[in-house]
Amino acid sequence: MSVVVSVHSFRGGTGKSNLTANVAASLARAGKRVAVIDTDIQSPGIHVLFGLDGDDVHASLNDYLWHDTPIRDVAMDVTDRVGLPDGGRLFLIPSSMKPGEITRVLREGYDAQRLTSGIRDLVSHMQLDVLLIDTHPGLNEETLLSLVLSDVLVIVMRPDKQDFEGTGITARVAKELEVPRISIVVNKTPTDFDPEAVAKRVTESYDCEVAAVLPHSDDLMRLGSEGIFVLRHPDHELSARYHRLAERVLPGGNVGAD
Ligand SMILES: Nc1ncnc2c1ncn2[C@@H]1O[C@H](COP(=O)(O)OP(=O)(O)O)[C@@H](O)[C@H]1O
Ligand SMILES: [Mg+2]
């Protein structure tokens with residue numbers, strides 16, 4: 001049985017794509033079959049973390065949404081490209097970086113129901129242990145539909161009042177949609193904040209579990225999305241935190257075990 005995990009945030013730039021790619025790599029490194037789908041069609045980006053340029057993306061989610069390309073044919077196996085050891089597998093369903101295709105989304109929108117059918121298709125045909133959905137920030141139709149399919153919602157926020165308010169809204173909507181598990185990750189936390197105090201405040205505010213409080217990291221900024229941190233810096237303290245987060249997202253994944 002596959003676990004579907006939506007990674008969302010109310011506002012942009014919280015670190016969703018980096019978190020999604022690192023959790024995905026962590027799980028694949030532990031032997032899982034993992035797919036990541038980039039549903040941020042209006043501002044795609046996660047392909048970069050997997051070492052791809054827009055020109056490397058020959059088939060995209062857009063081809064599935066607007067043409068008749070089966071979604072399974074869009075899934076790229078990036079296991080070797082990112083340098084994962086044998087065992088697990090990592091797939092990416094990228095969004096198009098072609099300007100014409102992005103502006104078409106802005107102009108015409110797309111059939112969000114078709115996106116959910118595609119997600120169901122991936123889950124039933126790719127024998128995945130986990131499918132991670134990297135979403136467009138804010139609440140919109142496709143996010144709501146993907147929440148309905150999700151076993152776990154991870155809401156990423158910064159310790160910032162604007163994020164606090166928006167996260168409350170997302171958490172409330174997800175509860176109404178009866179998402180089985182809602183987990184919050186506080187990211188980019190100043191290193192002189194007490195993570196336990198931050199976690200306590202967030203838990204009390206939303207009555208949701210806090211899966212991780214991750215620090216602001218100059219080393220992650222320095223990598224600048226040119227790779228997956230846990231694979232580039234396997235012995236870094238932040239990598240250990242991503243592994244622990246992956247273990248919480250998919251209990252029993254034996255993440256981090258070499
Ligand atoms: N914990 C962190 N510390 C410092 N910078 C971070 C952290 N997490 C993400 N970033 C940086 O924040 C920026 C936005 O990250 P990204 O993952 O693209 O966010 P989103 O997908 O939510 O827009 C990137 O430059 C990334 O390197
Ligand atoms: Mg993103």
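**View 1. Valine 210 is a buried residue, with a relative accessible area of 12%.** In these legends, buried means under 20% relative accessible area, exposed means over 50%, and partly exposed lies in between, using a 1.4 Å probe and protein chains only. Valine 210 is found in strand S8. Helices (H or I, at least four residues) and strands (E, at least two) are DSSP runs, numbered from the N terminus. Between the C-alpha atoms of valine 210 and lysine 200 there are 8.4 Å in space, and the two residues are 10 apart in sequence.

A word before the next views: this is a predicted model, in which local features need pLDDT of at least 70 and side-chain atom pairs count only at pLDDT 80 or more, while totals for chains, interfaces and linings use all residues. Residues are numbered from 1 along each chain as its sequence is written, chains are lettered from A and ligands numbered from 1 in the order in which they are written, and side-chain values use heavy atoms, with hydrogens and water left out.

**View 2. Here is ligand 1 in its pocket, the largest one.** A pocket is defined on a 1 Å grid over the protein atoms alone, as an open set of points with protein on both sides within 12 Å along at least five of seven lines; a cavity is instead a set of points where a 1.4 Å probe fits but cannot get out, and lining residues have an atom within 4 Å of a point. A molecule sits in a pocket or cavity if more than half of its atoms lie within 2 Å of its grid points. Which residues come nearest to ligand 1? Of the 13 residues around ligand 1, they are Lys16, Asn18, Asn187, Lys188 and Ser217. Being near means that one of a residue's heavy atoms lies within 4 Å.

**View 3. The shell around ligand 1 draws on helices and a strand.** At least two shell residues each are supplied by helix H1 (16-29), strand S7 (181-189) and helix H10 (218-223). H1 gives the largest share, with three residues. By type, the shell around ligand 1 has three nonpolar, eight polar and two charged residues. For this sorting, Ala, Val, Leu, Ile, Met, Phe, Trp, Tyr, Cys and Pro count as nonpolar, Asp, Glu, Lys and Arg as charged, and the others, Gly among them, as polar.

**View 4. Polar atoms of ligand 1 meet asparagine 18, glycine 15 and proline 215.** An N or O atom in the side chain of asparagine 18 is 2.8 Å from an oxygen atom of ligand 1. For glycine 15, a backbone N or O atom lies 3.0 Å from a ligand oxygen atom. At proline 215, a polar backbone atom is 3.0 Å from a nitrogen atom of ligand 1. The protein covers 82% of the 570 Å² of accessible area that ligand 1 has on its own. Such areas come from the Shrake-Rupley method with a 1.4 Å probe; for residues, only the protein chains shown count as cover.

**View 5. Histidine 243 and serine 26 make a polar contact through their side chains, at 2.6 Å.** A polar contact is a pair of N or O atoms within 3.5 Å; within protein, one must be able to donate a hydrogen and the other to accept it, and residues adjacent in sequence count only if both atoms are side-chain atoms. Histidine 243 is found in helix H12 (residues 237-249). Is histidine 243 buried or exposed? Histidine 243 counts as buried because its relative accessible area is 9%.

**View 6. Asparagine 22 lies in helix H1.** Asparagine 22 is buried, with a relative accessible area of 0%. Along the chain, asparagine 22 and alanine 246 are 224 residues apart, while 8.5 Å separates their C-alpha atoms.

**View 7. Two residues that are not glycines, glutamate 178 and lysine 188, have a positive phi.** For glutamate 178 the angle is about 60 degrees, and for lysine 188 phi is also about 60 degrees. Glutamate 178 is found in the loop between helix H8 (161-176) and S7, and counts as exposed at 66% relative accessibility. Lysine 188 belongs to strand S7 and is partly exposed, at 34%.
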